[in-house]
Amino acid sequence: MDRPAPVTIEVDGRPVPAHPGESLATALLAVGERAAGTRRGGARRGPYCNMGVCFECVVTVDDVPCQRSCLVRVRADMRVRTGVPR
């Protein structure tokens, strides 16, 4: 399988390698990022359905909130905030 060369995206202020065109959820999981945000009560949430139905993988991408990471395709230099406290 041919994949494009990896690019760098920024996730919560740190550089992360990812392949253009793959879903952001896939890129996050590939680097061990299992949680994409938190619920109101503070519980962590992460990708569940991976097809855009459940909204559990919502992140902020380039200052646009409420983006489902399973539907967003990776592109170079994107900035992602997961909302998970570090």
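1. Let's start with a charged pair. The side chain of E22 makes a polar contact with the side chain of R3, at 3.2 Å. A polar contact here is a pair of N or O atoms within 3.5 Å; within protein, one must be able to donate a hydrogen and the other to accept it, and residues adjacent in sequence count only if both atoms are side-chain atoms. E22 sits in the loop between β2 and α1. Is E22 buried or exposed? With a relative accessibility of 15%, E22 counts as buried, where buried means under 20% relative accessible area, exposed means over 50%, and partly exposed is in between (1.4 Å probe, protein chains only). Not counting residues up to four places away in sequence, E22 touches R3, A27, V72, R73 and V74; contact means heavy atoms within 4.5 Å.

2. A word on what you are looking at. This is a predicted model, in which local features need pLDDT of at least 70 and side-chain atom pairs count only at pLDDT 80 or more, while totals for chains, interfaces and linings use all residues. Residues are numbered from 1 along each chain as its sequence is written, and side-chain values use heavy atoms, with hydrogens and water left out. The predictor's confidence in each residue, pLDDT, goes from 0 to 100. Its mean for the chain is 90, and 97% of the residues reach 70 or more. Where is confidence lowest, and where is it highest? Strand β3 (residues 37–38) has the lowest mean, 74, and strand β1 (residues 7–11) has the highest, 97. Helices (H or I, at least four residues) and strands (E, at least two) are DSSP runs, numbered from the N terminus.

3. Now look inside. The largest nonpolar core has 15 residues, and I9, L24, V74 and M78 touch the most other members. The elements giving two or more residues to this core are β1, β2 (14–18), α1 and β5. Such a core is a set of buried Ala, Val, Leu, Ile, Met, Phe, Trp, Tyr and Cys residues joined through side-chain atoms within 4.5 Å. Leaving out residues up to four places away in sequence, I9 touches R14, P15, V16, A18, L24, V74, R75 and M78.

4. Helix α1 (residues 24–30) contains T26. T26 is partly exposed, with a relative accessible area of 39%. Its side chain makes a polar contact with the side chain of S23, at 2.8 Å. T26 and V74 are 48 residues apart along the chain, yet their C-alpha atoms are separated by 9.3 Å.

5. Strand β5 (residues 58–61) is worth a careful look. In a regular strand the side chains alternate between the two faces of the sheet. Here both faces are covered: V58 and T60 on one side, and V59 and V61 on the other, are all buried. β5 runs antiparallel to strand β6 (residues 64–68), joined by three bridges, and V58 has R68 as its bridge partner there. Two strands pair if DSSP finds at least two bridges between them. β5 also pairs with β7 in the antiparallel sense, over two bridges, with R81 as the partner of T60.

6. Which residue in the turn of the β5 and β6 hairpin has a positive phi? It is D62, with a phi of about 50°, and two residues lie between the strands. Most residues other than glycine have a negative phi. C66, in strand β6, also has a positive phi, near 65°. C66 counts as exposed, at 58% relative accessibility. D12, in the loop between β1 and β2, has a positive phi near 50°. D12 is partly exposed, with a relative accessible area of 26%.

7. Leaving aside residues within four places in sequence, G83 is in contact with D12, A36, G37 and T38. G83 and R39 are 44 residues apart in sequence and 9.6 Å apart in space, C-alpha to C-alpha.

8. Last, the cysteines. A disulfide is counted when two cysteine sulfur atoms are within 2.5 Å, and by this rule the count is zero. C49 is partly exposed at 24% relative accessibility, and C54 is partly exposed at 25%.
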